[in-house]
Amino acid sequence: MSRLLPPTLRLLHRCRSRFSSLSSLASPPSKAVVYDQHGPPDEVLRVADVPPVELGDRDVCVRMLAAPINPSDINRVEGVYPVRPPLPGAVAGYEGVAQVHALGPAVAAPLSPGDWVIPSPPSFGTWQTYIVKHESVWHKVRSDVPMEYAATVTVNPLTALRMLQDFVKLNPGDTIVQNGATSIVGQCVIQLAKVHGFHTINIIRDRPGSEEAKDKLKQLGADEVFTETQLNIKNVKSLLGALPEPALGFNCVGGNAASLILKFLRQGGTMVTYGGMSKKPVTVPTSYFIFKDLSLRGFWLQKWINSDKAEDCRAMIDYLLGLVQEGKLKYEMELSPFSEFSLALDKALGKHGSQPKQVLRF
């Protein structure tokens with residue numbers, strides 16, 4: 001029929017057809033993990049069907065490949081995390097890796113279908129099969145690393161890197177002490193310290209399998225690994241051997257485990273708290289302030305990212321994924337099919353004993 005139209009009308013017809021097809025560009029139907037109220041995750045989370053979402057001119061539709069279940073994700077669902085998505089109808093999840101599925105007609109970012117991208121800074125709603133968001137949300141990442149590393153690079157490895165760089169000027173040969181050393185952040189601290197020539201003293205919980213845990217951490221590059229019970233001695237510094245006294249300590253546990261960090265620190269040392277897994281307070285003897293002049297600081301990645309650090313964040317993510325590709329950064333995870341979300345959630349909640357970090361595979 002268009003062949004019968006005058007040339008001007010034929011051009012207008014083609015433009016109108018193109019505009020019509022572009023304006024109706026939408027994501028495929030999706031499945032998402034949603035919640036309408038805060039509470040125990042295994043009670044309030046449900047998998048729901050999500051209708052197609054129309055793309056704006058500069059929107060990008062991605063197909064999620066993988067997304068982790070982080071403790072902070074659990075805390076958001078419970079309603080105890082400082083920053084939470086609005087309810088009802090919140091989609092869970094905060095970081096992950098996706099593949100570009102479709103682009104809006106005016107997208108200017110150098111993205112193509114098939115590229116791997118992550119939300120950077122992270123954003124709510126990664127536990128779903130398709131997502132539509134503005135092009136500025138997405139950062140293209142390398143695709144020659146396992147997807148679970150691209151999915152988890154932002155929250156834990158970036159926390160480790162920032163804490164090593166932001167609080168104390170460390171020089172090769174300096175020592176760091178940390179508790180929670182078997183956590184993903186703890187494992188990243190050990191490996192990043194090794195890359196930069198720092199020594200690490202690592203504290204772990206007393207539990208069955210602690211000797212195996214020690215061996216694993218030493219294979220990653222840990223200099224010393226102690227259980228909390230081993231450190232119930234008057235002078236913990238006698239265990240340092242030839243290592244210099246630590247200038248910097250990382251606490252993600254609180255309670256007695258934090259006190260052990262303080263005992264190791266040298267005069268004028270700094271302890272950075274980034275978690276409180278024991279839910280016990282950090283108690284500090286007055287003498288540590290007066291005679292050791294210790295400093296206590298805190299670190300929250302989300303606050304750091306929100307302070308005009310988006311471009312810095314993306315450069316550091318590229319650096320960390322480069323270390324992954326070189327085999328210099330690794331940590332244990334378990335990929336779980338999205339179809340088995342309930343089982344993965346139970347594992348993340350500790351219902352099946354100690355488990356690797358759960359990463360949903362879509």
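Which residues have the most contacts inside the largest nonpolar core? They are Val97, Leu158, Met163, Leu170, Phe250, Phe299 and Trp304, and the core that holds them has 50 residues. A nonpolar core here is a set of buried Ala, Val, Leu, Ile, Met, Phe, Trp, Tyr and Cys residues joined through side-chain atoms within 4.5 Å.

Before you dig in, please note that this is a predicted model, in which local features need pLDDT of at least 70 and side-chain atom pairs count only at pLDDT 80 or more, while totals for chains, interfaces and linings use all residues. Residues are numbered from 1 along each chain as its sequence is written, and side-chain values use heavy atoms, with hydrogens and water left out.

**Overall picture**

- The protein's secondary structure comes to 12 helices and 16 strands; these are DSSP runs numbered from the N terminus, with helices being H or I of at least four residues and strands being E of at least two.
- Taken along the principal axes, the C-alpha atoms fill a box of roughly 95 × 45 × 35 Å.
- Of the 362 residues, 49% are buried (buried means under 20% relative accessible area, exposed over 50%, and partly exposed in between, with a 1.4 Å probe and protein chains only).
- Among contacts between residues at least 6 apart in sequence, 72% join residues at least 24 apart, where contact means heavy atoms within 4.5 Å.

- In soluble globular proteins, nonpolar side chains tend to be buried together.
- For the core of 50 residues, at least two residues each come from several elements, including strand 3 (59-68), helix 5 (156-166), helix 6 (184-196), strand 12 (248-251) and helix 11 (310-325).
- Helix 11 gives the largest share of this core, with seven residues.
- Trp304 is in contact with Leu158, Arg162, Asp166, Phe299, Lys309, Asp312, Cys313 and Met316, leaving aside neighbours within four places in sequence.
- A second, separate core has 27 residues, among them Val77, Ala98, Trp127 and Trp138.

**Helix packing**

- Two packed helices are described by the angle between their axes and the distance between the axes.
- Helix 5 and helix 6 pack at about 50°, with axes 8 Å apart; axes are lines fitted to C-alpha atoms, for helices over the stretch in contact, and angles run from 0 to 180 degrees between N-to-C directions.
- Helix 5 and helix 6 are therefore oblique to each other (angles under 35 degrees count as roughly parallel, over 145 as roughly antiparallel, 65 to 115 as roughly perpendicular and the rest as oblique).
- On the helix 5 side, this contact is made by Asn156, Pro157, Thr159, Ala160, Leu161, Met163 and Leu164, while helix 6 brings Ile184, Val185, Cys188, Val189, Leu192 and Ala193.
- By class, the contact of helix 5 with helix 6 has 11 nonpolar, two polar and no charged residues (Ala, Val, Leu, Ile, Met, Phe, Trp, Tyr, Cys and Pro count as nonpolar, Asp, Glu, Lys and Arg as charged, and the others, Gly among them, as polar).
- Helix 5 also packs with helix 11, at an angle of about 105° and with axes 10 Å apart, so the two are roughly perpendicular.
- Pro157, Leu158, Leu161 and Arg162 of helix 5 meet Cys313, Met316, Tyr319 and Leu320 of helix 11.

**Buried and partly exposed spots**

- Helix 8 (residues 255-264) has seven of its 10 residues buried, so it is largely enclosed by the rest of the structure.
- Lys347, found in helix 12 (residues 341-348), counts as buried at 16% relative accessibility.
- Not counting residues up to four places away in sequence, Lys347 touches Glu334, His352, Gln355 and Gln358.
- His38 sits in the loop between strand 1 (30-35) and helix 2 (41-44) and counts as partly exposed at 31% relative accessibility.
- His38 and Val77 are 39 residues apart in sequence and 5.4 Å apart in space, C-alpha to C-alpha.

**Backbone details to check**

- Most residues other than glycine have a negative phi, and most peptide bonds are trans.
- The Leu87 to Pro88 peptide bond is cis, with omega near -5°, and the Ser120 to Pro121 bond is cis with omega near 0°.
- Lys279 has a positive phi, near 60°, and counts as exposed at 80% relative accessibility.
- Asp293 has a positive phi near 55° and lies in the loop between helix 9 and strand 14 (295-298).
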